[in-house]
Amino acid sequence: MSDAQYLQPAFERPAEAAQQTFRAALRALAEPGLARPLPSTPTLERMAPATYALCLSLLDADTPVWLAPAFDTPVVRANLSFHCGCPVVDRREQAAFAVLDASDLVDLSGFPLGSERYPDQSCTLLVQLERLDGGEALAWQGPGIAGQRQVDLPLPWPFWQQRDLHGDFPRGLDLFFTAGQALLGLPRSTRCRAPVREAS
């Protein structure tokens with residue numbers, strides 16, 4: 001079967017939808033922890049609409065992407081190649097973007113973290129979840145957050161340990177979490193801790 005037989009629809013209005021998605025992604029990183037809706041986008045096999053929308057808007061010929069096993073299929077590869085023109089790489093160390101799910105978050109080793117001089121050369125993770133709430137609430141603090149914001153992403157606890165291990169600002173990983181047609185941003189500058197509770 002040729003790649004052409006794998007091709008599926010993307011944005012109905014590519015330029016407009018890509019611009020809307022890109023702006024939403026920027027706002028998600030500027031205001032961490034706030035879920036934002038994305039334009040209507042079809043699913044792509046195991047990719048939720050929001051995950052696919054981010055790929056269509058952020059990936060191009062200059063952004064190699066690494067796919068976790070759940071997403072590394074002939075259909076996904078063919079459509080990302082056709083619609084985005086991005087190379088799919090076999091090693092995490094080569095990736096500018098990566099597509100993962102929650103089960104992949106227990107080990108973040110290998111992804112580029114940038115350098116003190118070039119922190120922008122780090123990898124951005126697109127993490128697909130079933131939903132964007134329902135987990136243990138943590139207090140998020142940092143740029144774009146007045147005081148603190150409680151966010152309850154349903155993530156395995158080892159992820160937070162891995163994030164601390166693979167982050168030394170300005171080096172680190174920026175993340176977009178997706179579910180359905182929504183996304184939520186977690187930039188490397190955000191600190192996430194168990195909320196301090198006042199004694200009753």
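Trainee: How many salt bridges does the structure hold?
Mentor: The structure holds 7 salt bridges. Keep in mind that this is a predicted model.

Trainee: Which residue does Arg188 form a salt bridge with?
Mentor: Asp174. The closest N and O atoms of Arg188 and Asp174 are 3.0 Å apart.

Trainee: And where do those two sit in the chain?
Mentor: Arg188 is in the loop between strand 9 (182-186) and strand 10. Asp174 is in strand 8 (residues 174-179). They are 14 residues apart, and the pair links distant parts of the chain.

Trainee: Are Arg188 and Asp174 buried or exposed?
Mentor: Both Arg188 and Asp174 are buried.

Trainee: What about Asp164, which residue is its partner?
Mentor: Asp164 forms a salt bridge with Arg193. Their closest N and O atoms are 3.9 Å apart.

Trainee: What does that pair tie together?
Mentor: Asp164 lies in helix 4 (residues 157-165), and Arg193 lies in strand 10 (residues 191-193), so the pair ties together parts that are 29 residues apart in sequence. Asp164 is partly exposed, at 44% relative accessibility. Arg193 is partly exposed too, with a relative accessible area of 46%.

Trainee: Which residue does Glu93 pair with?
Mentor: Glu93 forms a salt bridge with Arg91. Here the closest N and O atoms are 3.8 Å apart. Glu93 is partly exposed, with a relative accessible area of 45%. Arg91 is partly exposed, at 46%.

Trainee: Which residues are linked in a network of salt bridges?
Mentor: Asp72, Arg77 and Asp90.

Trainee: Now Arg92. Where does it lie?
Mentor: Arg92 lies in the loop between strand 3 (88-89) and strand 4 (97-101). Arg92 is buried yet has no salt bridge.

Trainee: Why does Asp107 not count as a salt bridge partner for Arg92?
Mentor: Asp107 is the nearest side chain of opposite charge, but it is 4.4 Å away. The cut-off is 4 Å, so the pair does not count as a salt bridge.

Trainee: What does the side chain of Arg92 reach, then?
Mentor: The backbone oxygen of Ser109, at 2.8 Å. Leaving aside neighbours within four places in sequence, Arg92 is also in contact with residues including Trp66, Asp104, Leu108 and Phe111.

Trainee: New topic, helix 1. How many residues does it have, and what should they span?
Mentor: Helix 1 (residues 14-30) has 17 residues, which should span 24 Å at 1.5 Å a residue. Its end C-alpha atoms are 24 Å apart, which agrees.

Trainee: Which residues of helix 1 are buried?
Mentor: Ala17, Thr21, Ala24, Ala25 and Ala28 are buried. Seen down the axis of helix 1, the buried residues fall within an arc of 105°, so they line one face of the helix.

Trainee: Why would residues along a helix point the same way?
Mentor: An α-helix has 3.6 residues a turn, so residues three or four places apart point the same way.

Trainee: What do the buried residues of helix 1 pack against?
Mentor: They pack against strand 1 (36-37), helix 2 (49-58), strand 8 and strand 9.

Trainee: Last one, the backbone. Which residues does a cis peptide bond join?
Mentor: Phe169 and Pro170, with omega about 10°. Pro170 is found in the loop between helix 4 and strand 8.

Trainee: And what is phi of Glu45 near?
Mentor: Phi of Glu45 is near 55°, a positive value in a residue other than glycine. Most residues other than glycine have a negative phi. Glu45 is in the loop between strand 1 and helix 2. Glu45 is partly exposed, with a relative accessible area of 40%.

Definitions and conventions
Residues are numbered from 1 along each chain as its sequence is written. This is a predicted model: local features need pLDDT of at least 70, side-chain atom pairs count only at pLDDT 80 or more; totals for chains, interfaces and linings use all residues. Side-chain values use heavy atoms; hydrogens and water are left out. Buried means under 20% relative accessible area, exposed over 50%, partly exposed in between (1.4 Å probe, protein chains only). Helices (H or I, at least four residues) and strands (E, at least two) are DSSP runs, numbered from the N terminus. The expected span of a helix is 1.5 Å times one less than its number of residues. The arc is that of the directions from the helix axis to the C-beta atoms. Contact means heavy atoms within 4.5 Å. Lys and Arg count as positive and Asp and Glu as negative; His and the chain ends are not counted. A polar contact is a pair of N or O atoms within 3.5 Å; within protein, one must be able to donate a hydrogen and the other to accept it, and residues adjacent in sequence count only if both atoms are side-chain atoms.
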